[in-house]
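This report describes how two parts of one chain meet. The sequence and structure are shown first.

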Amino acid sequence: MAFSSFSLDFSKLPQHVAIIMDGNGRWAKKHGFPRFYGHQKGAETAKKVIEKTYELKIPYLTLFAFSKENWKRPKEEVEAILELFKMYLTKEKQFLIEKGIRLKIIGDREDFSQDLVELIEEIEEETKNNSELTLCLALSYGGRSEILKAVKEISNKVKQGLLDPENIDEKVFREHLYTKDIPDPDLLIRTSGEERLSNFLLFQIAYTELYFTPVYWPEFTEEEYLKALWSYQQRERRFGGVCEF
């Protein structure tokens with residue numbers, strides 16, 4: 001079945017798509033290129049997916065770009081990826097502004113250099129009132145780390161007498177997550193054939209629909225994206241409830 005935008009029911013599009021962009025390095029190896037070239041091609045794919053998400057008027061897109069665990073990679077590769085981030089953010093800043101896209105970075109930004117942090121904060125500030133699409137980039141992000149951060153913040157408030165433990169509920173907990181002002185993902189896509197979550201949005205994806213594809217991220221075309229959205233639309237989401245006939 002060939003997929004196009006016409007294959008979709010526009011009344012049933014997800015409000016928030018999250019993607020684990022996996023397979024850059026393996027794609028590069030498969031084609032005889034250095035790993036960094038795979039990341040460059042991956043950045044081009046990310047731009048196309050952002051443009052399609054904007055075109056479909058899906059209001060939230062979260063891309064898992066660099067995990068806490070990725071710091072374990074060879075120093076040269078990490079430095080090259082961070083330089084690619086800076087180039088990408090600098091190049092696409094005007095695109096985000098012109099399209100009304102808000103940029104939000106989630107993750108431990110204190111891990112980054114001061115110049116990268118300043119660039120991130122500059123673009124976040126300039127796009128903070130944009131409402132066409134919220135683009136979340138997960139950088140130096142880990143789901144377990146995010147949960148621990150929230151627990152520590154809540155514990156400190158209790159210790160200081162600012163919060164009664166009896167008042168701690170899911171709403172309070174969410175207010176201490178990076179994603180406190182965005183809804184949980186409706187659809188999580190992972191490329192490259194791996195079928196695991198890899199420490200991504202562990203709290204937020206409790207009822208998220210999962211879609212795995214063997215396609216490496218640089219090969220993830222518009223049709224592959226539409227195929228994932230179509231698959232999502234075939235599912236019945238009950239959130240622990242029962243099916244209504």
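Across the interface of domain 1 and domain 2, the rule finds one salt bridge, defined as a side-chain nitrogen of Lys or Arg within 4 Å of a carboxyl oxygen of Asp or Glu. R174 forms a salt bridge with D184. By class, the side of domain 1 that touches domain 2 has three nonpolar, three polar and three charged residues.

This is a predicted model, in which local features need pLDDT of at least 70, side-chain atom pairs count only at pLDDT 80 or more, and totals for chains, interfaces and linings use all residues. Residues are numbered from 1 along each chain as its sequence is written, and side-chain values use heavy atoms, without hydrogens and water.

The domain bounds, 16-140 + 182-233 for domain 1 and 142-177 for domain 2, come from an automatic or database domain assignment. The C-alpha centres of domain 1 and domain 2 lie 27 Å apart. Contact (heavy atoms within 4.5 Å) takes nine residues from domain 1 and ten residues from domain 2.

T179 lies in the loop between helix 6 (170-174) and strand 5 (187-190). At 8% relative accessibility, T179 counts as buried (under 20% relative accessible area, 1.4 Å probe, protein chains only). Not counting residues up to four places away in sequence, T179 touches I106, E146, L201 and Q204.

The table gives two atom-pair distances.

| Residue pair | Distance |
|---|---|
| R174 and D184, salt bridge | 2.8 Å, closest N and O atoms |
| T179 and Q204, side-chain polar contact | 2.8 Å |

A polar contact is a pair of N or O atoms within 3.5 Å; within protein, one must be able to donate a hydrogen and the other to accept it, and residues adjacent in sequence count only if both atoms are side-chain atoms.

Note on methods. Nonpolar A, V, L, I, M, F, W, Y, C, P; charged D, E, K, R; others polar. Helix = DSSP H or I, 4+ residues; strand = E, 2+ residues; numbered from the N terminus. Buried < 20%, exposed > 50% of the residue type's maximum accessible area, 1.4 Å probe, protein only.
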